[in-house]
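Please open the model in your viewer and keep the selection tool at hand. The stops below say what to select next and what is there.

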Amino acid sequence: MPDIRVLSDADAVVEAAARELEAAARELEALPSDAPFHLALAGGSTPEVLYRRLAKVPSAWNRLHVWFGDERCVAPDHPDSNFGMATRAWIGALPAERVHRMQGELAPEMAARAYEDELRAAFGDVVWPRFDVVLLGVGEDGHTASLFPGTAATHERARWVAANHVPKLDTWRITLTFPVLNAAQRIWILAVGPRKAEILRDVLGDVRDPARWPVQAVQPTIGELVWWLDEAAAPGLDHAEPRTP
Ligand code: 6PG
């Protein structure tokens, strides 16, 4: 069951999510094992503010391995690159061997296969990799990561990573697939601002239609799902009491 947290504004969302992420990383560091902390990043405007905030506590990230939930098919120094954005905001300060980028400059299918190989090398012989935290956003059309309505990768149930053609953007994206997202320990969806109000009303309402709104296919198999929202994005959702639909 998702946990819906509605905070006063975008800054409050960033601050609360940052604190909880730091706490999760420190909790893992306190364990006697040397298990890595696997985090998958999202693209988009709210995550960028979060990454700048996370850059302020470098001591929490000794076990961190950074991955990406999706990437645009551009070179890493292109303004649209999720890796480029995250590098400028935060992860440029981390050791390069703990940052795992999708190679958006390659042919999409090749980039997807290369990323799946890199994930398999890190996670070993498992059915699905289990990220400690997957950060996601939601688009106004109900997409999440680069799983857009009506696109082939929304149906992928075997591969870990897919090259996804997105006709409405006339472009390709590289994306983790739903079984990978759903295997995570924690899935956090961040959405702030009034532009998200309509889609949130739809996807958090009573109608279930993941073909129309792919973000509804985010259903953790054993982990937790948290929606981090601000009041502008969630009018009508109770501010004081986090709600579970
Ligand atoms: C991307 C994303 C994408 C994003 C949503 C929301 O690379 O574009 O990972 O799924 O999270 O489109 O983006 P905003 O928060 O900027 O609206």
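A pocket, on a 1 Å grid over the protein atoms alone, is an open set of points where a 1.4 Å probe fits, with protein on both sides within 12 Å along at least five of seven lines, and a molecule sits in such a pocket if more than half of its atoms lie within 2 Å of its grid points. Select the ligand to begin, and the space that the ligand takes is the largest pocket. Before going on, keep in mind that this is a predicted model, in which local features need pLDDT of at least 70 and side-chain atom pairs count only at pLDDT 80 or more, while totals for chains, interfaces and linings use all residues. Residues are numbered from 1 along each chain as its sequence is written, and side-chain values use heavy atoms, with hydrogens and water left out.

Next, select the 13 residues around the ligand, of which Asp70, Arg72, His143, Ala145 and Lys196 come nearest; a residue is near a molecule if one of its heavy atoms lies within 4 Å of it. This shell divides into two nonpolar, seven polar and four charged residues, where Asp, Glu, Lys and Arg count as charged, Ala, Val, Leu, Ile, Met, Phe, Trp, Tyr, Cys and Pro as nonpolar, and the others, Gly among them, as polar.

Now show distances to the oxygen atoms of the ligand. A side-chain N or O atom of Lys196 is 2.6 Å from a ligand oxygen, a backbone N or O atom of Ala145 lies 2.7 Å from one, and a backbone N or O atom of Ser45 lies 2.9 Å from one. The protein covers 89% of the 420 Å² of accessible area that the ligand has on its own, an area that comes from the Shrake-Rupley method with a 1.4 Å probe.

Stay with Ala145, which is found in the loop between strand E5 (133–136) and strand E6 (161–166); strands are DSSP runs of at least two residues, numbered from the N terminus. Is Ala145 buried or exposed? Ala145 counts as buried because its relative accessibility is 11%, and buried means under 20% relative accessible area, exposed over 50%, and partly exposed in between (1.4 Å probe, protein chains only). Look at its backbone too, since most residues other than glycine have a negative phi. Ala145, although not a glycine, has a positive phi of about 45°.

For the last stop, select Asp170, in the loop between E6 and strand E7 (171–176). Its phi is also positive, near 50°, but Asp170 counts as exposed, at 64% relative accessibility.

Definitions and conventions
A polar contact is a pair of N or O atoms within 3.5 Å; within protein, one must be able to donate a hydrogen and the other to accept it, and residues adjacent in sequence count only if both atoms are side-chain atoms. On a 1 Å grid over the protein atoms alone, a cavity is a set of points where a 1.4 Å probe fits but cannot get out, and a pocket is an open set with protein on both sides within 12 Å along at least five of seven lines; lining residues have an atom within 4 Å of a point. Helices (H or I, at least four residues) and strands (E, at least two) are DSSP runs, numbered from the N terminus.
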